[in-house]
Amino acid sequence: MAKTKSKSRKAKPSLVLAYDLGGTKVQVGVVDQTGKILAFHREAAFIKQGKKATLDQLIRLGKEMIKRFPKIESVGVASAGPLDPVSGELLDPTNFSGPDGHWGRVPLAEILAKGLKKKVILENDAAAAILAEVWKGLAKKTENAMILTLGTGVGTAVVANGKLVRGGRHMHTEASHMIIHAGDKSAPCGCGQLGCVEAYLSGRSFAHRARADLGNETIDAPQIAARARDGDAAALKLFDEYAENLAIALHNYVVIFCPEIVVFTGSFAAAHDLFLEKTSKKLGKLLSRRNRVMNLQPKLAVSKLENQAGLLGGAYVALKASGKI
Ligand SMILES: [Zn+2]
């Protein structure tokens, strides 16, 4: 017994190749089973050049890493969705389109497995990010956690009772397309609906709404945040509206999933000083009756994994699938 134990302690680390593929950027890295990132590369994704160019790019980046680390055993891919994690197919991702139009259904895991000659596991990027937070980040000490990635869109994922929550048909839950203000023509969503959570809370939606409100066609989210920090009343009002909508969205998520912590990541999370505390107060009011008998108020916190949660989560699913963790 003791012999086996010391043998496993001396065993060389298992290495996996991980990707994080988004609508604008791709990250690729080599990660060991302790979560240490041994190599990392990020570049603009070739989404605008089309599907083939992007797939060729992914294979090229993977081959370069495998050449440097020939001991890589398998591959995990965190990608923007929708996608089917069991079949390994992309299902026409919302923000992937190029000169040849939308991508439609793409057997990404199979294509990469052929190109790289390794087993490939595909996972939704928000799901990968929450798995990384539970593995190495802020949700380490809990079995009930949720993540909101506030970027071009809003990604959501939940771990409840220690397990990643799937919808039926093994689909990833798309909680950012929950409608919070039905028929609100000021909030069109990329999914074709009006008034979805994403239509208010993504960085892109926030900027879009703010431009209409401020009568300024070019201002972006960081510039609006800078104005708010300088005390500009119009900009502060926009963040009040943001906090109000975020509190409504979180109320709906809390009554369904009961997370103990909600982790925020993505580029818009950088403006957390302007909305997170207000959101927590508003959420407390919305949950006040429930909280009297059981405190459902989750901790709201900004990820400390920088923008590497998706990549780490990609590594996690590959390591998990091969029984290394
Ligand atoms: Zn939507």
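Among contacts in the chain between residues at least 6 apart in sequence, 63% link residues at least 24 apart; two residues are in contact here if their C-beta atoms, placed from the backbone, lie within 7 Å. Keep in mind that this is a predicted model, where local features need pLDDT of at least 70, side-chain atom pairs count only at pLDDT 80 or more, and totals for chains, interfaces and linings use all residues. Residues are numbered from 1 along each chain as its sequence is written.

Now for the overall picture. The chain holds eleven helices and 15 strands, where helices (H or I, at least four residues) and strands (E, at least two) are DSSP runs numbered from the N terminus. Its radius of gyration is 20 Å, close to the 20 Å that the globule rule gives for 325 residues, so the chain is as compact as a globular protein of that length. That radius is taken over C-alpha atoms, and the globule rule is 2.2 Å times the number of residues to the power 0.38. Along its principal axes, the C-alpha trace spans about 65 × 50 × 40 Å. Of the 325 residues, 44% count as buried, meaning that 20 or more other C-beta atoms, placed from the backbone, lie within 10 Å of the residue's own.

Seven of its eight residues are buried, so β4 is largely enclosed by the rest of the structure. Strand β1 (residues 15-21) runs parallel to β4 and is joined to it by seven bridges; two strands pair if DSSP finds at least two bridges between them. Here Tyr 19 sits opposite Val 77 of β4. β4 also pairs with strand β10 (residues 119-124), again in the parallel sense, over six bridges, and Ser 74 has Lys 119 in β10 as its bridge partner.

Elsewhere, three strands make an open sheet in the order β5-β6-β9, with antiparallel pairing. Its edge strands, β5 (83-84) and β9 (105-106), each pair on one side only. Strand β6 (residues 89-91) is held to β9 by two bridges, and Leu 91 stands opposite Arg 105 in β9.

Finally, the helices. The axes of α4 (residues 125-136) and α11 (residues 309-321) come within 7 Å and cross at roughly 85°; axes are lines fitted to C-alpha atoms over the stretch in contact, with angles running from 0 to 180 degrees between N-to-C directions. That makes α4 roughly perpendicular to α11, a label for angles of 65 to 115 degrees. Residues making the contact include Trp 135 of α4 and Tyr 316 of α11.

Notes. Buried ≥ 20, exposed ≤ 12 C-beta atoms within 10 Å, placed from the backbone. Parallel < 35°, antiparallel > 145°, perpendicular 65-115°, else oblique.
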